[in-house]
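Open the structure in a viewer and keep the selection panel at hand. The stops below say what to select next and what is there.

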Amino acid sequence: MTTLEKYTNVFVENLQITAEQCEGLQYQGVELWDSVGHMTLVAALEDTFDIMLETDDIVDLSSFEKGMEILQKYDVTF
């Protein structure tokens with residue numbers, strides 16, 4: 001599985017959406033991406049990529065694409 005597939009699966013599984021819905025997805029763009037869902041998503045990303053996100057990065061995680069940009073700071077390559 002590629003890094004992008006792993007990343008997409010985190011969104012699909014935690015937000016109960018399809019992979020097609022990920023592109024362009026914004027925070028609160030789907031029902032499950034609320035404040036609680038956000039923290040669940042963060043935890044899943046940290047587990048999947050074996051990283052610990054900084055507080056600023058957790059706050060900045062505002063879209064599917066922004067998440068990829070943030071993960072690159074932690075040496076996750078897409």
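**Two loop residues, then the helices**

Select Q28 to begin; this residue is exposed, with a relative accessible area of 54%. The model is a predicted one. Q28 sits in the loop between α2 and α3. Its phi is near 65°, a positive value in a residue that is not glycine.

Next select Q16, in the loop between α1 and α2. Here too the residue is not a glycine, yet phi is positive, at about 50°. Is Q16 buried or exposed? With a relative accessible area of 66%, Q16 is exposed.

**The aromatic residues**

Now select Y7, F11, Y27, W33, F64 and F78, which together form one aromatic cluster. Aromatic pairs in the model come to 6. Two of them are worth a stop.

Y7 belongs to helix α1 (residues 3-15) and F64 to helix α5 (residues 64-72), so the pair ties together parts 57 residues apart in sequence. Y7 is buried, at a relative accessible area of 0%. F64 is also buried, with 6% relative accessibility.

Then show F11 and W33, an edge-to-face pair with 5.6 Å from centre to centre and 80° between the planes. This pair links distant parts of the chain: F11 is in helix α1, while W33 is in the loop between α2 (19-22) and α3 (35-49), 22 residues apart. F11 counts as buried, at 0% relative accessibility. W33 counts as buried as well, with a relative accessibility of 0%.

**A serine beside the cluster residues**

Select S63, in the loop between α4 (55-60) and α5. Its relative accessible area is 8%, and because buried means under 20%, S63 is buried. Which residues does S63 touch, leaving aside its neighbours within four places in sequence? They are Y7, L25, Q26 and W33. Two of these names, Y7 and W33, also belong to the aromatic cluster.

**Helix α1 against α3**

Two packed helices are described by the angle between their axes and the distance between the axes. For α1 and α3 the angle is about 150° and the axes are 10 Å apart. An angle over 145 degrees counts as roughly antiparallel, so α1 is roughly antiparallel to α3. Their crossing is right-handed.

To see the contact, select T3, K6, Y7, V10, F11, N14 and L15 in α1, which meet T40, L41, A44, L45, T48 and F49 in α3. By class, these residues divide into 8 nonpolar, 4 polar and 1 charged.

**Helix α1 against α5**

The angle between α1 and α5 is about 130°, and their axes lie 11 Å apart. That angle makes α1 oblique to α5. The crossing of α1 and α5 is right-handed.

Which residues meet here, in α1 and in α5? From α1, select L4, Y7, T8 and F11; from α5, select F64, G67, M68 and L71. The contact has 6 nonpolar and 2 polar residues, with no charged ones.

Technical notes:
Residues numbered from 1 in each chain as written. Predicted model: local features only at pLDDT ≥ 70, side-chain atom pairs only at ≥ 80, totals over all residues. Heavy atoms only, no water. Phe/Tyr/Trp six-rings, centres within 6.5 Å; stacked < 30°, edge-to-face > 60°. Helix = DSSP H or I, 4+ residues; strand = E, 2+ residues; numbered from the N terminus. Buried < 20%, exposed > 50% of the residue type's maximum accessible area, 1.4 Å probe, protein only. Axes fitted to C-alpha atoms, helices over the stretch in contact; angles between N-to-C directions. Parallel < 35°, antiparallel > 145°, perpendicular 65-115°, else oblique. Left-handed = near helix turned anticlockwise from the far one by under 90°. Contact = heavy atoms within 4.5 Å. Nonpolar A, V, L, I, M, F, W, Y, C, P; charged D, E, K, R; others polar.
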